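Here is a friendly briefing to read alongside the model. Keep the structure open as you go through the points.

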Amino acid sequence: MFITRLLGSPLKVMAFLTTAVGLLAIFTFSYFFFLGIYLLGIGLLLYIINFALSKLLKNRRVYGVGQTVLTLIYLVLVFVFYMRRQEHNYIILPKDFDGQSGIIFGIEGYPELPKKRFWKRTITLPESGILITSTKFEDIPHMVRFASADSPAPVYPSVRWDPNVTVDCIVCDNKIEAWSFSKGKEDDSNLKDLMVSFCNDIAEGKEKSFYKSGYSSILQDAKGNYLWLMNRGLSTLPEGIGKLSVYKAILTDNNFTSIPEQIFEIKGLEDLVLVVNPITEFPCELPRLHSLKSVSFAETGITKIPCDLSKMDSLAHFDLSRNDLTTFPEKIKTIPSLKWLSLQNNKLADITFIDECLQKLGTLYLYSNVIKSLTQETKFLGNVRELLIFDNEIDSIPDNIADLKNLEKLEIWNNPITYISPKIATLTGLRSLRLDDDSLAEHDKENLRKWLPNCTIFFQTRGKKILSVDSEKDRPI
């Protein structure tokens, strides 16, 4: 009797199966939870419809026909729903595909993608690997499967699909949208370069993209407008950037191998940030930026500077950190007005590179190297106000610390310091000192407090060191 009530008609069987699948989906406690709730509702609705039929259709034959018709309609709807969920783009990649290819969407005048056939849209990429279409990606299924031109069977489970490749045209309000497909090497510079070329054509009125930029790459701070192109995967820039009125260009974390030519066209550029780019050769054309005051080549791979920088009268800040330097690039000393120098996170073993050419320095970052001592070259650092030399191998603060007569901030923690010269007391302008106390006796710390009554001294244990906010605030973007 119970089985009959539960499964006594085709609609009841459908209701039972739908409810069972819904419960299974709910108990997985995953992405399918809400689908399970939806299926439970449908199962309950089917039981209600079956009950209504049994009350309305007293004729057994008519009742049976009604059950059959509604069951078939339900099965067709389930099939259609399932197949709609399986809609996908069948991407046929070029023969012997290895590398990177893609589809650039929404370019007016280019062919539309092939029409969908049932629940599959077959898209054959050209031999070049890049297809350009006027179709917008919002108008096609957001699911892909891959095959090779060598074989119609689905292949390449290792193909990486990036559906969010975007290049902002910067000088106009358009952007270029693309999908990229890659296998093996991940370099997408060819696709990005082609997208940038479309931006150039759009700016000249030769092409038109259906996509508008949702945000601007030109931002503003208290000083003025600046160009923000961080982490865009770019290796080239659109034309027209040279006409922008910006005082700073941030090109961090891209694929530039040199300074883009468009940057040299920006009049009055004062600040250039090229951190985390595969630039291995120092750009000797840098003096073309006559107004440049600050430049960062941190984490680029530059280890040598072969050119004279003596004509860069405005340049005051120079960052060559995180480049695995073992020797100091001597040409840095040709910068006539250098006041801020960062060589942190390299492999410098000493400070013997310091001489009278660096005596204008006011800030010097040498932390996270392998420097073993503060040698007599400190006599050339009389103007330094901020010295960050923590995380090295220095075991003492010697008498010549007195050379740093204008020093206001010294961070020398994470060094195995066992001795501090009393001459540190001559640094009457020192306002902040941070060092480890692992190897210092209590009387050493008391002496420091007596010698530096107007200085805030931070003692810390090396095993529990915490990188100070102050020491990180000037790290390049």
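Predicted model: local features only at pLDDT ≥ 70, side-chain atom pairs only at ≥ 80, totals over all residues.

The protein has 477 residues, of which 47% are buried, and its secondary structure consists of 8 helices and 22 strands.

**Overall shape**

- The radius of gyration of the protein is 34 Å, whereas a compact globule of 477 residues would have one near 23 Å.
- Taken along the principal axes, the box filled by the C-alpha atoms is roughly 110 × 60 × 45 Å.
- The protein has an accessible surface of about 24300 Å², and carbon and sulfur atoms account for 56% of that.
- If you take the contacts between residues at least 6 apart in sequence, 47% of them join residues at least 24 apart.

**Helix α3**

- Helix α3 covers residues 33–56, and its end C-alpha atoms are 35 Å apart; this agrees with the 34 Å that 24 residues should span at 1.5 Å a residue.
- Buried positions in α3 are Gly36, Leu39, Gly43, Leu46, Asn50 and Leu53.

- You will find Ile332 in the loop between β14 (317–319) and β15 (340–342).
- Ile332 counts as buried because its relative accessibility is 0%, and the cut-off for buried is under 20%.
- Leaving aside neighbours within four places in sequence, the contacts of Ile332 are Ile305, Phe318, Leu320, Leu338 and Leu341.
- Cys357 is 25 residues from Ile332 along the chain, and 9.2 Å separates their C-alpha atoms.

**Aromatic rings**

- With ring centres required to lie within 6.5 Å, the count comes to 15 aromatic pairs.
- One of these is the stacked pair of Phe390 and Trp413, with 4.4 Å centre to centre and 10 degrees between the planes.
- This pair links distant parts of the chain, 23 residues apart: Phe390 is in the loop between β17 (386–388) and β18 (396–397), while Trp413 is in the loop between β19 (409–411) and β20 (419–420).
- Phe390 and Trp413 are both buried.
- Elsewhere, one aromatic cluster is formed by Phe105, Phe137, Trp161, Trp179 and Tyr211.

**Charges over rings**

- Arg434 places its charged end over the ring of Phe458, 4.4 Å from the ring's centre.
- Over the face of Phe459 lies Lys445, at 5.6 Å from the ring centre.

How values were computed: Residues numbered from 1 in each chain as written. Heavy atoms only, no water. Phe/Tyr/Trp six-rings, centres within 6.5 Å; stacked < 30°, edge-to-face > 60°. Helix = DSSP H or I, 4+ residues; strand = E, 2+ residues; numbered from the N terminus. Buried < 20%, exposed > 50% of the residue type's maximum accessible area, 1.4 Å probe, protein only. Lys NZ or Arg CZ within 6 Å of the ring centre and 35° of its normal. Rg over C-alpha atoms; globule rule 2.2 N^0.38 Å. Contact = heavy atoms within 4.5 Å. Areas by Shrake-Rupley, 256 points an atom, 1.4 Å probe, with all protein chains shown as cover. Expected span 1.5 Å × (residues − 1).
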